Amino acid sequence: MKQQIKQEIYNAALQAKKRNEESIAKLSDQVSLEAYRHLVRKGSCGDIWTEAFQTALQEHEIIVIPASQEVYWLDTTIVIPSNRRIEANGAIIRMVAECEVIMLRNEHTHDGTFEPILGADCDENISIHGGSWEECSTERGIRKYAESAEGFHGVQTLMLFNNLKHLTISDVTFARAKSFSVQVGDLTDGVFENFFFINCFADGLHVNGNSKNLWIRNFSGHVGDDLVALNMYDWLGSSINYGPARNIFCEEIHSAPDSKAKAMRLQPGKFEFRNGQIVDCRLENVYIRKVSGIFEYKLYWQTPPYRLGEKPEGAGVGSA
């Protein structure tokens, strides 16, 4: 029976991977980012490619960022529409030091902190392949959704994807990320494969609620917290998606021998929306195998510090 359940979880994640590959294969309109060099601006650090990258994504399905020793600098968030593929093998994409907002997000992100995300405008079929996605940070901090945005206070990541179907991120390196490298939630069919982390300061992949059919494979390197965090429930400062997660396959998760963090988090809980509705942010059907360098598995109801006599954040203990 146990082996059958393992196989079912593996198959559900593998089928999600195949569905994503089929969606990616339908894209054909390709352009090189070099074609938009006329939109590059000069900055103190080097060439700023923000407008070039954003315009290319608005006008074409497949964006190829040529391999180069030159850094592609960005100075604000890039918004990715549906049906987009980014090819960045051999490219270095880096945020300017003074920028405090996230690097990438899908077009129709929503804040599910106060009420469930309905998904009527759900984005589809976004993939990122290759590239070194970097910051200039030297310590842990919070990278915000926007300089001034109503809500979205639980976003602290380099890349944010939620309210989305068919997301693939593969063969990528993250360097010096001060908060989470990738944060996802309200996601159906997610593939995260071949991630390498260099001197990052928080979670590698931070999965929040309402996520299902996830293929997570071959993660390694240096992070400051959980290499993979399955946080169906999380603190208000670390999530905008609350709900269950199911059918998650994790394989080949390896913390570097000298990495400061040796942990993987599995965090269920119960969350109360503004209207009083309580959702069970439970974990269902997760299969984890071939792991090394992880000595702490965190499975408990976690709340921020609170004074005795006060109510803790969250609505109660969850289930897994």
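Helices (H or I, at least four residues) and strands (E, at least two) are DSSP runs, numbered from the N terminus. I number residues from 1 along each chain as its sequence is written, and I keep in mind that this is a predicted model, where local features need pLDDT of at least 70 and side-chain atom pairs count only at pLDDT 80 or more, while totals for chains, interfaces and linings use all residues.

**Entry: Asn20**

I found Asn20 in helix H1, residues 2–25. Is Asn20 buried or exposed? Its relative accessible area is 1%, so I wrote down buried (under 20%; exposed is over 50% and partly exposed in between, with a 1.4 Å probe and protein chains only). Next I looked at its side chain, which makes a polar contact of 3.0 Å with the side chain of His166. A polar contact is a pair of N or O atoms within 3.5 Å; within protein, one must be able to donate a hydrogen and the other to accept it, and residues adjacent in sequence count only if both atoms are side-chain atoms. Leaving out residues up to four places away in sequence, I noted that Asn20 touches Leu167, Thr168, Asp189, Gly190 and Val191 as well as His166 (contact means heavy atoms within 4.5 Å).

**Entry: cysteines**

How many disulfides are there? I counted zero, taking a disulfide as a pair of cysteine sulfur atoms within 2.5 Å. For Cys99, the closest cysteine sulfur is in Cys136, 10 Å away, which is too far for a bond. Cys99 is buried, at 6% relative accessibility. Cys200 also has its closest cysteine sulfur in Cys136, but at 13 Å, again too far for a bond. I marked Cys200 as buried too, at 5%.

**Entry: the largest pocket**

I looked for pockets on a 1 Å grid over the protein atoms alone: a pocket is an open set of points where a 1.4 Å probe fits, with protein on both sides within 12 Å along at least five of seven lines, and lining residues have an atom within 4 Å of a point. The largest pocket has 16 lining residues, and Asp186, Leu187, Thr188, Asn210 and Lys212 lie nearest its centre. Which strands each supply at least two residues of this lining? I listed strand S12 (157–175), strand S13 (180–198), strand S15 (211–221) and strand S17 (245–255).

**Entry: the second largest pocket**

I read off its lining residues, among them His110, Phe114, Glu150 and Arg274.

Notes:
Side-chain values use heavy atoms; hydrogens and water are left out.
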